[in-house]
Amino acid sequence: MKAISILGSTGSIGCNALKVVEHLGDYRVVALGAGRNMAKLAEQTARFQPELVSVENEDCAETFLREFHKLGGGAAPKIETGEKGLIAIATHEAAETIVSATVGAIGFVPTLRAIEAGKRIALANKETLVMAGELMTKAAAASGAELLPVDSEHNALHQCLRGETKKEVKRLILTASGGPFRTKSRLEIENATREQALNHPNWKMGDKITIDSATLMNKGLEVIEARWLFDFPAEEIGVVVHPQSVVHSMIEMVDGSIIAQLGVTDMKHAIQYALTFPERQPNCLEPLDFRKISQLTFEEPDMEKFPCLALAYKALKIGGTMPAALNAANEIAVQAFLDDKIRLSEIPKIIEFVMNRHQPQPVSNLEIVLETDAQARKNAIISLEKSALATKI
Ligand code: MG
């Protein structure tokens, strides 16, 4: 039996990871970390019987125990709270593999600790690499930790790059679905409602990443993620819009050959690949049915209509702490949009405001990254208040 811990177990990736674990059968779940969905965590705990769970705060811990006892689940696991709890999950002594699937910056320190502890990390939390890819990859090199990408594009690139020599690879090509506003006008995007933005055409995901997909910031964050996972410069990472999401990503070789990975749009594929690598095992998914695919199309991303993608490239080229500032500003802006405080088109404006105020520094230690994150959030709130006042919504 292999021992596994899951950070963010009640989210979309966490729930799918547990389904994969059940399918594979030879895993023991030792620890689960969740935020506030206590009914779900109680259900997962009763089923998988981890030794340790982590929840957001003491109130959540009480709710969790109530929900857990309602299920008649027997002895309760040890409960930890907050970041300390997530770190305990990430570094649990028995766990060989950690699924890092919390959303946003909250997963940053716990994931770094898991890397320092030399774990195998199935990484779904892209913000971690965006904030401090250099720190994370150096820590992994020092501890021998393995970073296996769960993000479908990076998982695809990982598959395409297997057995290839880096000097023979000309560039990485990330595919993007284009999100729900690919064919919409600027005005339509400007006036998009929360419901329209949350209506992703191909993938079922959490709210934050779905909004990031609508603005194409998700693809921008993924370009930065790819830079650190595979050590290619920004100039050698391209993005192509592919609305069917059948090709999950591609690599272009120096001789012009393109190697692509195709598959169904279900995250369980990528999660299982990350867990069983270097082996492949049959999964629980229906195979890709070519009779149902009428066409595969590709187009250039429109960086003017979707300025978030251009901002992410800019932040990566500036380097240092700039991507961490971009990420923090984006998290604040996306939450404000989800709370109906700003329009979708304000998101890139808030990010630009924060980037203009940020003096990038080299990412030499954890404190610099955390300071950047905190300062960028403050500046994002200043910009947000101005935007909310101006648009009066
Ligand atoms: Mg992705």
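Guide: Two strands are paired here if DSSP finds at least two bridges between them, and helices (H or I, at least four residues) and strands (E, at least two) are DSSP runs, numbered from the N terminus. This is a predicted model, in which local features need pLDDT of at least 70 and side-chain atom pairs count only at pLDDT 80 or more, while totals for chains, interfaces and linings use all residues. Residues are numbered from 1 along each chain as its sequence is written, and side-chain values use heavy atoms, with hydrogens and water left out.

Visitor: Which strands stand at the edges of the sheet?
Guide: The open sheet is formed by 4 strands in the order 9-8-10-11, with mixed pairing. Each edge strand has a single partner, so one side of it is left without a neighbour in the sheet, and the two concerned are strand 9 (237-241) and strand 11 (258-262).

Visitor: What angle does helix 7 make with strand 10?
Guide: Helix 7 (residues 152-161) packs on the sheet, where contact (heavy atoms within 4.5 Å) is made with strand 8, strand 10 and strand 11. Axes are lines fitted to C-alpha atoms, for helices over the stretch in contact, and angles run from 0 to 180 degrees between N-to-C directions. On this basis, the direction of helix 7 makes with that of strand 10 an angle of about 40°.

Visitor: Which residues are the protein donors of the magnesium ion?
Guide: Donors are N, O and S atoms within 2.8 Å of the metal (3.2 Å for Na, K and Ca), and since water is not among the atoms, sites may look incomplete. The donor residues follow the spacing D-x1-E-x68-E in sequence. Distant parts of the chain are linked, with Asp151 in the loop between strand 7 (146-149) and helix 7, and Glu222 in helix 11, 71 residues apart. Lying 2.1 Å from the ion, the protein donors are Asp151 (OD), Glu153 (OE) and Glu222 (OE).

Visitor: Is Ser245 buried or exposed?
Guide: Ser245 lies in the loop between strand 9 and strand 10, and has a positive phi of about 50° although it is not a glycine. Buried means under 20% relative accessible area, exposed over 50%, and partly exposed in between (1.4 Å probe, protein chains only). At 6% relative accessibility, Ser245 therefore counts as buried.

Visitor: What is the relative accessible area of Asp340?
Guide: Asp340, found in the loop between helix 14 and helix 15 (346-357), also is not a glycine and has a positive phi, of about 60°. Asp340 is partly exposed, because its relative accessible area is 49%.
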